[in-house]
Amino acid sequence: MQKRVRAVLVTPNDTMLLIKRIRPGIPVYWVTVGGKVEPADAGPDDALRREVREEIAGEAEIVGLLHTIETEDERQDFYLARVEKWNFDDRTGPEFSQEGRGEYLLEEIPLTTSAVDAVNLLPRQFAAVLREAIAHGELLTWPR
């Protein structure tokens, strides 16, 4: 089973960082930062920190697990994490240099239900969970 980790990265301004994906022939969509857990990773936390370093050249403080989506062949764990500094220009992930992968744009999105509703955040199941957590004020009340 393939394991993936993803992070809702909350900034000091109480916004979140999402990656906007623009690919030929596919409607524009947004995803949270993250990716595969690699064999060299000590565990999911280690994998998530590595992915944050690769994708946005940032350091994540993982707060806790928000949600898990599991299918027969894949498990995705979505975490809440805080990030103080990042530099998208210094990203190093291998996907950024692969031909035909389209564009990756980092966007800072308000941590509001209307902002989540305004983007095509995938997977949709997680977008619904995130929207509910924001609506109930759960993300901003987690330990800082």
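Helices (H or I, at least four residues) and strands (E, at least two) are DSSP runs, numbered from the N terminus. The views show a predicted model, in which local features need pLDDT of at least 70 and side-chain atom pairs count only at pLDDT 80 or more, whereas totals for chains, interfaces and linings use all residues. Residues are numbered from 1 along each chain as its sequence is written, and side-chain values use heavy atoms, with hydrogens and water left out.

**View A. The cis peptide bond between Leu-122 and Pro-123.** The peptide bond that joins Leu-122 and Pro-123 is cis, with omega at about -5°. Pro-123 itself is found in the loop between helix H2 (113-118) and helix H3 (124-135).

View B. Arg-21 has its place in strand E2, which covers residues 15-23. With a relative accessible area of 6%, Arg-21 is buried, a class that means under 20% relative accessible area, while exposed means over 50% and partly exposed lies in between (1.4 Å probe, protein chains only). The side chain of Arg-21 reaches the backbone oxygen of Glu-103 at 3.4 Å; this is judged as a polar contact (a pair of N or O atoms within 3.5 Å, where within protein one must be able to donate a hydrogen and the other to accept it, and residues adjacent in sequence count only if both atoms are side-chain atoms). Leaving aside residues up to four places away in sequence, Arg-21 touches Val-28, Tyr-29, Val-31, Arg-101, Gly-102, Glu-103 and Tyr-104, where contact means heavy atoms within 4.5 Å.

View C. Pro-39 lies in the loop between strand E4 (33-36) and helix H1 (44-56), and Pro-39 is exposed, with a relative accessible area of 79%.

View D. Phi of Asp-14 is near 55°, a positive value in a residue other than glycine. Asp-14 has its place in the loop between strand E1 (2-10) and E2 and, at 26% relative accessibility, counts as partly exposed. Phi of Ala-57, which is likewise not a glycine, is positive and near 50°. Ala-57 is placed in the loop between H1 and strand E5 (60-70), where Ala-57 is partly exposed, with a relative accessible area of 31%.

View E. In one of them the side chains of Arg-50 and Asp-41 meet at 2.9 Å, N to O; Arg-50 is buried at 15% relative accessibility, and Asp-41 is buried at 13%. The side chain of Arg-50 also meets that of Glu-54 in a salt bridge, at 3.3 Å, N to O. Glu-54 and Arg-50 both lie in helix H1, four residues apart, about one turn of the helix, and Glu-54 is buried, with a relative accessible area of 18%.

View F. The side chains of Glu-70 and Arg-75 meet in a salt bridge at 3.3 Å, N to O. Glu-70 is partly exposed, with a relative accessible area of 49%, and Arg-75, at 27% relative accessibility, also counts as partly exposed. Elsewhere, salt bridges that share partners join Asp-41, Arg-50, Glu-51 and Glu-54 into one network.

Methods:
Salt bridge = Lys/Arg side-chain N within 4 Å of Asp/Glu carboxyl O.
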